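Open the model in your viewer and keep the selection panel at hand. The stops below say what to select and what is there.

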Amino acid sequence: MATPDKLDLLRGTLDVLILKSLSWGPAHGYQVASTILQESGGVLLVEEGALYPALHRIEKKGWLEAEWGLSEKKRKAKYYRLTTEGRAELARRTQTWTRYATAVTRMLQA
Amino acid sequence: MPITRLRPFKRLLDLRRRGAYRQAIDDELTFHIAEKTDALIARGWNPEQARAEAERAFGDAEAIRASCREIGQQRERSERRRGWIDEARQDVVFGLRQLRRSPSTTVAAILSLVLGIGAATALFSVAHATLIQPLPFRDADRLARLWTRNAETDDMQASSPDFLDWQAQATTIEDMAAAGFLALALTDREPPLRLNIAPVSASFFRLFGFEPALGRGFTAEEDRHGGPSDVAVLSHRLFVSRFQGDRSIVGRPLDLDGRRMTVVGVMPEDFAFPAWADLWIPLAPNPGAERDDHDLTVVARIAPGHSFEQAQAELDQIAAGIAAAHPRTNEGWGIRVSSLEHWLIGPRFARSMYVLLAAVGLLVLLAAVNVANLLIARGVARRHEISLRAALGAGRGRLMRQLLTEGLLLAIVGGVGGVVFAHGAVSLLHYFEPSWIPFLETVKVNGRVITFALVVTLATGILFATVPTRHTIGARQKAGRGTRFATRSLARGGRSATGRGRSLRAALVAIEVAVATLLLIGAGLLFDTFLRLQQVDTGFRSAGVLLARIQLPTHRYSWQERGLTGAQLEEAVRAVPGVTAVGFTNASPFGAFRPTNSLRIVGRDQGEVFMSDWRAISPSYFDTLDIPVLEGRAFTDGDHGDAQPVTIISRAMADALWPDRSAAPEGAGRPGAEHHGAIGAQIDWGSPGGRPLTVIGVVDNVRDVDLTRDRWTLYRPHKQLSWAAFDLLVRSPRQGEAFEREIREAIWSIDPDLPVPTLQPLESSLRGATEGSRSTTALLLGFASISLILAASGLYGLTLFAVEQRHRELGIRLALGARPGSLVTMIVRGGARLAILGGVAGTIAALILARFLDALLYGTGGVDVSVYGWVLALLLTVTILACYLPARRAARLDPAITLRAE
């Protein structure tokens with residue numbers, strides 16, 4: 001697999017990526033980071049230093065809720081799951097982001 | 001409480017261990033590194049390198065942990081708070097449901113709280129504006145009023161030359177100003193408007209910390225005798241009412257009885273001093289005026305760094321100096337410094353307020369006790385519910401909180417209602433403008449007042465919620481006995497005999513009766529005083545007399561003309577159909593003007609100086625008011641300026657100055673009257689020209705200044721002492737608008753430029769004299785009535801409760817053959833014992849506290865047997881009734897039903 005250039009995340013996009021990655025089902029922190037890397041075609045690398053505070057912050061806002069469970073390797077892991085509010089927030093942010101990105105793209109290609 | 005959502009429950013479990021999130025974070029991060037290591041191994045790394053790489057990629061683990069912890073901590077705090085709020089909300093919702101469940105108790109409790117807190121708040125708003133808040137002047141605590149005094153009196157005004165001397169010499173006083181009084185008619189349009197004018201010093205406004213809102217004040221030059229003094233400053237009231245707030249009035253001339261004044265300024269709305277002033281003009285005091293012409297109100301600002309005592313000491317010296325220089329007029333005269341506040345608010349008002357505040361404080365206490373009582377009764381009824389909750393695991397603290405919340409809910413509803421009540425009461429005050437409340441316009445329900453209401457509300461809430469709460473769940477639940485209490489109480493079906501509940505309630509009811517007794521006695525004493533004041537024989541007949549205030553312009557009427565015009569006016573009004581008598585005086589009964597003067601008796605020790613009221617009257621004055629001439633004769637038209645100066649004195653004065661009596665000689669006075677030896681005596685009245693006055697008559701005493709005592713009064717014929725301002729007294733069976741118009745027209749037939757205000761019945765001045773007493777009495781009576789109702793309802797509730805609690809016992813007694821009547825007697829006796837206990841305690845308290853009322857009482861001491869008797873009789877009647885009504889139920893019990901109900 002070719003390794004494209006890794007991009008630094010723009011501020012505020014991490015939250016929406018986390019929400020998106022959890023929209024497919026509950027996951028623990030490591031899975032969230034891997035999912036984002038994979039689904040972005042290996043472009044978006046989430047630093048652990050940013051990931052966990054972001055998870056906790058979003059959990060505090062009530063968009064995520066957490067539960068302890070066992071991983072496939074029978075390790076104790078903290079699983080995050082989107083709440084209803086989180087789902088609504090994801091929809092809202094996706095819309096905003098798309099409009100923003102479309103506008104920027106159109107401008108840059110004009 | 002149905003449990004609808006599991007999440008809050010889980011949250012509570014999570015929160016059980018404070019700081020649990022720390023371990024969770026460590027676990028989560030460790031897990032991440034382990035997963036990453038595994039992933040690397042899967043890609044072919046060797047385990048050690050994989051682990052090292054995972055940790056390296058992870059970065060500064062400590063920093064991550066720290067920022068996660070911070071978030072965790074915030075979260076824990078907010079959840080804890082949310083949990084608490086959740087519980088409080090549950091309590092409130094549950095509490096409201098409980099209050100709705102027993103509406104009669106709730107309404108009774110709220111009503112007593114609204115009345116108690118409302119009355120207290122309304123009264124506090126008055127006390128705050130008058131007694132607590134400083135006067136609405138700059139640095140009001142350094143403002144003083146200066147009086148002149150001698151051996152007899154200490155509240156005389158000052159003369160112009162004295163004032164000028166004080167002003168020039170005093171160094172402990174930063175500023176001194178004086179105000180006089182003048183009434184002139186504004187004749188710019190019809191009908192002429194009579195204005196109360198205050199001639200004031202140039203520094204007068206500044207002394208109070210005020211500047212004109214428009215234009216300027218007076219200059220020192222305008223305030224100089226003989227200076228350009230024809231300038232005026234308008235009060236805001238006059239500015240708005242007569243000139244519609246037209247700012248161009250400044251600089252325009254005003255016609256005041258033909259004297260042309262230029263308006264130079266308008267004062268702001270919040271400056272109204274003296275309160276009656278429509279207009280201010282420069283005082284321009286005359287240094288050559290008579291020193292015994294006391295006509296100025298002197299106010300002063302004590303210099304910074306000096307005390308009132310120092311100012312008093314300095315003024316004592318200054319007075320001594322003036323007396324030495326002018327012994328004829330100033331011998332024996334000193335100066336007294338008093339705080340402005342003391343003068344404007346008055347000790348009598350302050351005392352009334354303190355009495356009322358104490359009374360209303362007792363009322364609030366009573367309301368709280370009453371509510372506590374209601375809550376105990378309900379607490380007993382709810383014992384089953386509470387023991388059920390305890391059995392289900394509600395902790396003692398949680399139950400306490402629940403009951404306290406209910407209590408506070410009641411208190412808050414009562415408090416809000418109380419503030420609304422107070423607001424209404426203050427609006428009523430502003431509507432009726434009772435004159436006995438000084439600075440009424442500053443009385444408001446403001447932030448401080450609301451804070452006060454809040455404090456009272458919370459205090460009462462805590463008081464009345466704690467007592468029953470502790471009683472309901474308190475002692476029963478000592479450590480380890482909670483469950484036993486719960487089961488035992490449940491087993492009994494929630495019916496416990498609760499001897500404790502009854503004795504606590506009995507104590508509370510006894511307190512209620514005691515407080516009610518105290519208030520009733522206080523109110524009774526004041527009411528007695530009020531009735532006595534109403535019945536005071538004033539010595540004159542005020543019914544059917546109208547009063548018209550006349551002010552002759554001094555520059556248009558010379559000294560002689562004034563006397564003549566008075567007589568002409570009297571004649572003109574006498575010709576109005578229906579008028580049976582007319583007279584006039586320069587100071588009508590209970591009017592604002594109360595002249596007094598010093599006098600000596602010719603032929604006696606000239607060091608003996610006496611003070612008396614004096615009046616300049618027309619010959620028909622005594623007839624108009626039906627004041628009997630006891631000796632000698634009344635004035636006639638012959639007592640004019642060129643004739644011998646004469647005077648008539650009041651009986652009290654004659655009795656005191658000529659105590660030796662002998663049988664009246666033939667022809668002197670009424671047959672059989674005693675002769676005082678006063679007739680023919682000569683009085684040195686210090687009048688200009690120095691001719692002594694000959695006493696030609698003695699009239700009966702008249703209480704026209706102070707209802708509570710006879711004063712010395714000296715009457716002068718108006719032609720010998722003509723006065724430009726006087727009150728025309730018209731006696732007639734007629735009244736109404738047409739009659740008043742005819743009187744006005746009669747007055748204008750003599751001088752069309754005279755302003756005549758609405759005619760007012762003389763009786764209204766008399767009512768004004770007792771207004772303060774009336775209001776205090778009415779308020780205290782109101783408080784006492786409420787307290788009696790509260791105490792009676794407390795007793796009623798307790799008795800009803802006792803009957804219900806004792807159904808079984810009473811049923812057994814009846815079954816065993818007790819007569820229903822004897823059961824009623826037994827129950828009533830129990831209540832009456834409490835009432836008597838409370839009544840005795842209240843009476844003892846009243847005897848101890850009565851001396852605080854002494855200053856407000858007249859004709860009765862603090863220990864008035866009849867008042868105490870009436871109060872106790874009333875109390876006994878009401879309390880026995882309050883016991884008897886519920887006790888009758890005991891007689892109607894059917895033992896068969898009662899016993900089977902078990």
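Select B:D38 and A:R75: their side chains meet in a salt bridge, 2.9 Å from N to O. A salt bridge here is a side-chain nitrogen of Lys or Arg within 4 Å of a carboxyl oxygen of Asp or Glu. Side chains of opposite charge can pair when their charged atoms come close. The rule finds seven salt bridges across the interface of chain A and chain B.

This is a predicted model: local features need pLDDT of at least 70, side-chain atom pairs count only at pLDDT 80 or more, and totals for chains, interfaces and linings use all residues. Residues are numbered from 1 along each chain as its sequence is written, chains are lettered from A and ligands numbered from 1 in the order in which they are written, and side-chain values use heavy atoms, with hydrogens and water left out.

Next, show the whole interface. In it, 21 residues of chain A are in contact with 21 residues of chain B, contact meaning heavy atoms within 4.5 Å. The area buried between the two chains is about 2,100 Å², and carbon and sulfur atoms give 58% of it. Buried area is the accessible area (1.4 Å probe) that two parts lose on being put together, summed over both. Now pick A:Y30, A:E48 and A:K60, which lose the most area in chain A to chain B, together 32% of what that side buries.

Stay within chain A and select chain B next. A:E65 lies in strand β2 of chain A and A:R81 in strand β3 of chain A, so the pair ties together parts that are 16 residues apart in sequence. Helices (H or I, at least four residues) and strands (E, at least two) are DSSP runs, numbered from the N terminus. Over all chains, a search of the whole structure finds 48 salt bridges.

In chain B, select B:I848, found in helix α25. B:I848 is one of the residues of a nonpolar patch on the surface, which also includes B:Y796, B:F852 and B:L885. Together the patch residues have about 1,100 Å² of accessible area, computed by the Shrake-Rupley method with a 1.4 Å probe, where for residues only the protein chains shown count as cover. Patches are made of residues with over 30% relative accessible area and no salt bridge; like charges are joined within 9 Å, and nonpolar side chains (Val, Leu, Ile, Met, Phe, Trp, Tyr) within 5 Å.

Two backbone stops remain. The peptide bond from B:F273 to B:P274 is cis, with omega near -10°, and B:P274 lies in the loop between β8 (259–266) and β9 (279–282) of chain B. At B:Q244, phi is near 50°, a positive value in a residue other than glycine.
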